[in-house]
Amino acid sequence: MIRGQHWLKAAGVAALAAALPLIMFGCGPQAKNDDWPKGKPKVAVSFAPLYCFAVNVAGDDATVKNVMTSTGPHDFNPTAADARLIMRAELFFVVGLGLDEAAATRMRETSGNANLKLVELGEKIPKDKLCEGRCEHAHHGPDHKHDLDPHVWLSPDHAILLVNGIRDELKAADPA
């Protein structure tokens, strides 16, 4: 019986090894993140919450791509693929408020894309409506602090203002 269990265990491992590439890479060719369809505004966003807002506002009328697909803004280190994505984008939405605009500004400056419009959506929220903030991320260093809490997408009232800002910028970029 031990010999039968050993064979069954080996068969399970072999099946997992065969299925792993399909799980990791899917069944078909993957589109490059820097491939943009023609004829639609090209919108980049810094990270997932803004992607959710922008893709729902844009619908089928624009192409929206997320730059920070595997990390959040606190740990983001731009890659060459991120730079290629920004190089062809027309709009780049970030929260700002000390959260993600430093990396976004560096990416815009090094992309060679003079037409890229960087939009700090946190600027759409009146300053008196923002909460005080404090940063305790060790990698920022002891002198780093936020005067305002940049996690504004977590408030429904602030999220509405972010979505309205995205809507207004998309309308300005493509009135039709």
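1. Lysine 42 and glutamate 90 join their side chains in a salt bridge, at 3.8 Å from N to O; the term denotes a side-chain nitrogen of Lys or Arg within 4 Å of a carboxyl oxygen of Asp or Glu. The two partners lie 48 residues apart, lysine 42 in strand 1 and glutamate 90 in the loop between helix 3 and strand 3. Lysine 42 is buried at a relative accessible area of 15%, whereas glutamate 90 is partly exposed at 36%. Here buried means under 20% relative accessible area, exposed over 50%, and partly exposed in between (1.4 Å probe, protein chains only).

2. The model is predicted, so local features need pLDDT of at least 70 and side-chain atom pairs count only at pLDDT 80 or more, while totals for chains, interfaces and linings use all residues. Residues are numbered from 1 along each chain as its sequence is written, and side-chain values use heavy atoms, with hydrogens and water left out. Helices (H or I, at least four residues) and strands (E, at least two) are DSSP runs, numbered from the N terminus.

3. The whole structure contains 5 salt bridges. In one of them, glutamate 169 meets lysine 124 at 3.2 Å, N to O. Glutamate 169 belongs to helix 5 and lysine 124 to the loop between strand 4 (117-120) and helix 5, 45 residues apart. Glutamate 169 is buried at 11% relative accessibility; lysine 124 is partly exposed at 35%.

4. Helix 2 (residues 48-58) has Leu50, Phe53, Ala54 and Ala58 buried. Seen down the helix axis, these buried residues fall within an arc of 120°, so they line one face of helix 2; the arc is that of the directions from the helix axis to the C-beta atoms. Their cover includes strand 1 (42-45), strand 2 (63-66), strand 3 (91-94) and helix 5 (156-173), where contact means heavy atoms within 4.5 Å.

5. Helix 3 (residues 80-88) and helix 4 (residues 101-111) have axes that come within 9 Å and cross at roughly 70°. The axes are lines fitted to C-alpha atoms, for helices over the stretch in contact, and angles run from 0 to 180 degrees between N-to-C directions. The two helices are therefore roughly perpendicular; angles under 35 degrees count as roughly parallel, over 145 as roughly antiparallel, 65 to 115 as roughly perpendicular and the rest as oblique. Asp82, Ala83, Ile86 and Met87 in helix 3 meet Met107, Arg108 and Ser111 in helix 4.
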